[in-house]
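Colleague: Please take one part of this predicted model and describe closely how it is packed and what surrounds it.

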Amino acid sequence: MDALDQIGQGLWNAFQMAWEVWWALVLGFLLSGIVQAWVPRSRMERALGGRGPRSLALATGLGAASSSCSYAAVAIAKSAFQKGASLAAAMAFQFASTNLVFEIGIVIWVFIGWQFTLAEFVGGLILIVLMWAAITLLVSRGAEERAREHAQAADTGHQHHSAASSLPWRERLFSAEAWSDVAHNFRGDWEMLWKEITAGFVIAGFIALLPMIVFNDLFLTDTGGTWQLLENVVVGPLVAVLSFVCSVGNVPLAAVLWAGGISFSGVIAFIYADLIIVPLILIYRRYYGWRLTALLVGIMFVAIAAAALAVDGIFSAAGLIPEHRPSVDSITSRGISWNYTTFLNIVFTLVAGALGGLTLRQSARDPVCGMTVDGAKALTSVRDGRTYYFCGPGCKATFDAIPAVTVTGTDTVTVTRDEREPGGR
């Protein structure tokens, strides 16, 4: 009975945290969906060529206005790199699109305060500049071109549909077709990220049940000074890597770690590490090869730690590091009552329902990845008189390469390693 009670308490903690930020998640994904649907992807790709400051600034700005789904961000960055963007610009776009976006800032603010949101954005810019400088210095032009050839040989991956409506901006606001494009991107982001978000809340809910001694054993929490800062910015990303949780999903866990005693810089480093979790490292390997992947992950790790230390120093000098540290219970047990959170949750649940309804008119399911796509605009293949719809050219190419007997009459294709990557790469 005690074990069942603990399981119930952990799940209840997770639900309370999710309730606190549900409206913020819907708002963030709505804004992201608008950008994805109404800003042409080709414009992003053309803007990211070159290694100079202009390309860096454009990549950062476009990333900050793009999707916060880590897997989608990695796929878009690789697509841009394939088509001529520099590796430095592609990585800048990738980190900006997960660390400088609307929803993560809102969720961080709700959970642990505006100081962390500001630190996330300031440190994110420092992190991107450090990565750009390191990649420019350490990755030669020849190595970059070899990596581009490797990426072009890899599968294209899952891409959200981007309609890039030709309607003027004012007309888009009143166009059902334009909002349908937004709705499909909104739904696509949720379908790609819901497992990560759910895992983040559940893990945080159960970690909140651990006694304080666990945090004291895992992190230096009461020594203060340089050694605690250094240990926290190293251990924080390692915990993130092993948690397998990325993007917005690691914010509730970061809040629990902050309540448990980890330093300000350790929390920031933990949040930044969402792009070096194990599943994404394996994706980098497939895109860029092991040699460049090892270098990139090393650069990312060092840049994450350095950016976290830099922002800690800046905020310490400015007196912006919060002095009050909430209890773990205050993070996970906020309760549910009739207040502004409940009102906003009701409003944005209706918004999410309306967007979901817009996707039902012409929706179809990608048989390779399972993503819901707009059947009127998606790529298609016809086999045995049946039309199949795809989220992007990668899934279509994968499907077309599979023998007809494997897929006829099925809703979802199970893709083996050899079918996904010719030659078993």
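Modeller: The part to examine is helix α13 (residues 251–260), whose axis comes within 10 Å of that of helix α14 (residues 264–272), the two crossing at roughly 165 degrees. Helix α13 is therefore roughly antiparallel to α14. Angles under 35 degrees count as roughly parallel, over 145 as roughly antiparallel, 65 to 115 as roughly perpendicular, and the rest as oblique. The axes are lines fitted to C-alpha atoms, for helices over the stretch in contact, and the angles run from 0 to 180 degrees between N-to-C directions. Helices (H or I, at least four residues) and strands (E, at least two) are DSSP runs numbered from the N terminus.

Two remarks on the basis of these values belong here. The model is predicted, and local features need pLDDT of at least 70 while side-chain atom pairs count only at pLDDT 80 or more, although totals for chains, interfaces and linings use all residues. Residues are numbered from 1 along each chain as its sequence is written, and side-chain values use heavy atoms, with hydrogens and water left out.

The crossing of α13 and α14 is right-handed; a crossing is left-handed if the near helix is turned anticlockwise from the far one by less than a right angle, and right-handed if clockwise. On the α13 side, L253, A254, L257 and W258 take part, and they meet F264, V267, F270 and I271 of α14. Contact here means heavy atoms within 4.5 Å. Sorted by class, this contact has eight nonpolar, no polar and no charged residues. In that scheme Ala, Val, Leu, Ile, Met, Phe, Trp, Tyr, Cys and Pro count as nonpolar, Asp, Glu, Lys and Arg as charged, and the others, Gly among them, as polar. An α-helix has 3.6 residues a turn, so residues three or four places apart point the same way.

Helix α6 (residues 102–112) is another neighbour: its axis and that of α13 come within 10 Å and cross at roughly 30 degrees. Helix α6 is thus roughly parallel to α13. This crossing, too, is right-handed. Helix α6 contributes I104, V107, I108, F111 and I112, and α13 contributes V251, P252, A255 and W258. The residues of this contact comprise nine nonpolar, no polar and no charged.

The burial of α13 can be considered next. Ten of its ten residues are buried, and the helix is mostly covered. Buried means under 20% relative accessible area, exposed over 50%, and partly exposed in between (1.4 Å probe, protein chains only). The buried set consists of V251, P252, L253, A254, A255, V256, L257, W258, A259 and G260. For the protein as a whole, buried residues make up 54% of the 425 residues.

Within α13, L257 counts as buried because its relative accessibility is 5%. The C-alpha atom of L257 is 8.8 Å from that of I207, a residue 50 places away along the chain. A further pairing involves G260: its C-alpha atom is separated by 9.1 Å from that of P211, 49 residues away along the chain. P211 itself is found in the loop between α10 (176–207) and α11 (212–218). With 46% relative accessibility, P211 counts as partly exposed. Just after α13, G261 takes a positive phi of about 120 degrees.

Helix α3 (residues 53–64) and helix α7 (residues 114–138) pack at about 140 degrees with their axes 11 Å apart. This angle makes α3 oblique to α7. Their crossing is right-handed. The contact joins P53, L56 and T60 of α3 to L125, I128, V129 and W132 of α7. By class, its residues divide into six nonpolar, one polar and no charged. In helix α5 (residues 87–99), 13 of the 13 residues are buried, so this helix is largely enclosed by the rest of the structure.

Overall, the secondary structure comes to 21 helices and four strands. Among contacts between residues at least 6 apart in sequence, 78% join residues at least 24 apart.
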